[in-house]
Amino acid sequence: MVIDAYVTSLGAALRGPRAAKRELLTEVRDSLHDAAAHHESAGLPAPAAARLAVDEFGTVRELAADYQRELALLQARRTALLVAGAVAAQQVISEVAWRSAATGWSWQPSWGYMVLARTVDYAGYSVVLLGLLAAVACGAGSRFVSVGGGFARATGMAAIGVCAFFVLGGAALSALSPTWHATTSASLSPTALAAAVITTATPVWMVYSGLRCLRAAAPTRSALGRHPVQEA
């Protein structure tokens, strides 16, 4: 059918969160079927009614950019919340693991270590705040602030950059601390092991979400001149 071909063509042009994309395409299909039913009730044959409904709705090239912006902002919002939540959780878990491992230590951190540790801490606070602000801007705030594919792209790049910063910063702090050179019962505790698992998995998740942002913010396939299905 013309309507199914149109929805398939639109779906092929869009990228973004699967559930949201599926819901969007369902809404489009339902709207087209409702319009076609209205034209049929006015006396048009079913095929002609479906073609008229599609013509009135607009071409894939005309509509794909707006739908893609919606999907890109949704992905950016998810990424911003992920980054904010992951960094906040990592800060708490790292602090708990550090205090647990440091019991009984007489080690005094060097000036350089303290500067690096403070830098990582304050960067974490800033990332959490900025991540929450970005999530608001991509959601309810988009009615008041002009954001689009460029903002989603910046969010994706920021997520990858934040990941790199904290991986390198965390590795440097670990290398300069006594735990790098000594294995204690505390380092094998459930808390320490949980921290190690989260520390390993979180950066991978952040990078993956950031890459999804970059993909969702890229030009739609229809804008690049690809038309998998004719709408006539």
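I took helices (H or I, at least four residues) and strands (E, at least two) as DSSP runs, numbered from the N terminus. The model is predicted, so I kept local features to pLDDT of at least 70 and side-chain atom pairs to pLDDT 80 or more, while totals for chains, interfaces and linings use all residues. Residues are numbered from 1 along each chain as its sequence is written, and side-chain values use heavy atoms, without hydrogens and water.

**Chain.** From the N terminus I read the elements as α-α-α-α-α-α-α, which gives seven helices and zero strands. I looked up burial (buried is under 20% relative accessible area, 1.4 Å probe, protein chains only): buried residues are 35% of the 232 in the chain. I then checked contacts (heavy atoms within 4.5 Å). Of those between residues at least 6 apart in sequence, 84% join residues at least 24 apart.

**Helix α5.** I looked up α5, residues 111–138, which includes Leu129. Its 28 residues should span 40 Å at 1.5 Å a residue, and the end C-alpha atoms are 40 Å apart, so the two agree. The expected span is 1.5 Å times one less than the number of residues. Among the buried residues of α5 I noted Tyr113, Val120, Gly124 and Cys138.

**Arg15.** I found Arg15 in the loop between α1 (2–13) and α2 (18–41). Arg15 counts as buried because its relative accessibility is 7%. A polar atom of the Arg15 side chain lies 2.9 Å from the backbone oxygen of Arg215. Arg15 and Ala218 are 203 residues apart in sequence, yet their C-alpha atoms are 8.8 Å apart.

Methods. Buried means under 20% relative accessible area, exposed over 50%, partly exposed in between (1.4 Å probe, protein chains only). A polar contact is a pair of N or O atoms within 3.5 Å; within protein, one must be able to donate a hydrogen and the other to accept it, and residues adjacent in sequence count only if both atoms are side-chain atoms.
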